[in-house]
Amino acid sequence: MGKGTVWPSEMKTAVDRLTGIEVKQLTDYKTHSHHLYFTENGWYDGEARLLFISDRGNSTNLFSLHVASGEMTQLTDYPDNNALDACLLPDERAAIVKLKRRLIRLDLQTLEEKLLYEAPAGYQLGNASATADSRYVLTCVQEDLSSKIRLDLGNGYVGHRELMEAAPHSRIVRIEADSGEVEQVYEDRSFITHINASTTEPWLMTFCHEGPWHLVDHRIWGLDLRTGQAWKIRERLEPLEMVGHEFFFPDGVTVGYHGFRADGTNFFGNIRYDNTGMEETDFSFDTWHGYADGLGQAVVDGKGEVKTLSIWRKKGDVYEGPRTLCELRCSFHSQKVHAHPRFDAKGKRLLFTSDKNGYANLYLVDIPEDLSVLPLME
């Protein structure tokens, strides 16, 4: 084991017992493995390879999976590590790895590593996202209040509300992807997380004010990196409405999201960064995440009594469905075992994580051309 080690294929396929479609299990190891956070693309090399994170060897590291053969290459070798995050530069030259309070640039050809950024003393590091031109990496840092508040956000959101109410000092920084030169672009006394760079516009990003969605002052914010101006995106339409898990569509100007109305109705939707063109679709069951591919398909994962993935396809201006795509049975007990479903670039495949067999593993499903072969969601 170690950097550069090639692991043999663990892939296997099964016919889904609920819908009859084939589900490919990409990993099968007695530890947790999961893909990147659903707002970040992990496909590269013409979508022949996929970045993923795994706890093999009793430590969390970054791996690359060759989807056709199933062979996996270990890309990092961090000992005694329990958490890792990453994003991919759009030009695919490197991955940006988040290791504790550091961002490390990892060359995907040579596996050479370079320290790109370290959070200042007294601050925690948030997620990273690369601008569309691959010139910059965006991230946030928040004042470290762990000595004052009991925090375990990755395992059950312990201290989530308390940290929001404490209003930690937060900064958004832009880091040059080659030199590591750092520029602060925004600051506030709010719990800022969920940094998302536009997929097409290098000047545009979103971030969020984190906290319980029904209590936070406002969730989704836009930021113009040219001016430092921030603005609210998709304001509440009624008290206690919850909107979040925002992500950019492939066009880079449309923001997708999902949420819950005050009466408990779930919905997914999208809106342009300038708050025009809002579209929303209601559904009656609970979910953790929603995702749309910008090509007319949307998917949500199941929560509570719902143990499946559900898919819609747009006909005209209306999403038809939902239909059950396949069984999920994901526990969502910690961030490592969240489903985080995400379509590939062409909307032909769906990638997700599930711990239905006790450990988180990656799964891949080919989307049927004709969704009528799938049962309607009951």
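User: How many of the seven residues of S21 are buried?

Analyst: The structure is a predicted model, in which local features need pLDDT of at least 70, side-chain atom pairs count only at pLDDT 80 or more, and totals for chains, interfaces and linings use all residues. Residues are numbered from 1 along each chain as its sequence is written, and side-chain values use heavy atoms, with hydrogens and water left out. Buried means under 20% relative accessible area, with a 1.4 Å probe and protein chains only; strands are DSSP runs (E) of at least two residues, numbered from the N terminus. By that cut-off S21 is mostly covered, and the number buried is six.

User: Which residue in the hairpin of S21 and S22 takes a positive phi?

Analyst: S21 and strand S22 (residues 254–260) run antiparallel and are joined by five bridges; two strands pair if DSSP finds at least two bridges between them. Within this pairing, Phe247 stands opposite Gly256 in S22. Five residues lie between the strands of the hairpin, and the residue with a positive phi, near 75°, is Gly252.

User: Which residues lie nearest the centre of the second largest pocket?

Analyst: A pocket is an open set of points on a 1 Å grid over the protein atoms alone, where a 1.4 Å probe fits, with protein on both sides within 12 Å along at least five of seven lines; lining residues have an atom within 4 Å of a point. Here the lining has 30 residues, and strand S21 (242–248) is among the elements that give two or more of them. Nearest the centre are Thr39, Glu40, Asn41, Thr199 and Arg342.

User: How many residues of the lining of the second largest pocket are nonpolar?

Analyst: Nonpolar covers Ala, Val, Leu, Ile, Met, Phe, Trp, Tyr, Cys and Pro; Asp, Glu, Lys and Arg are charged, and the others, Gly among them, are polar. In this lining eight residues are polar and six charged, while the nonpolar ones number 16.

User: What separates the C-alpha atoms of Asp85 and Gly126?

Analyst: Asp85 is found in strand S9 (residues 85–88). Asp85 and Gly126 are 41 residues apart along the chain, and their C-alpha atoms are separated by 9.6 Å.

Notes. Helix = DSSP H or I, 4+ residues; strand = E, 2+ residues; numbered from the N terminus. Buried < 20%, exposed > 50% of the residue type's maximum accessible area, 1.4 Å probe, protein only.
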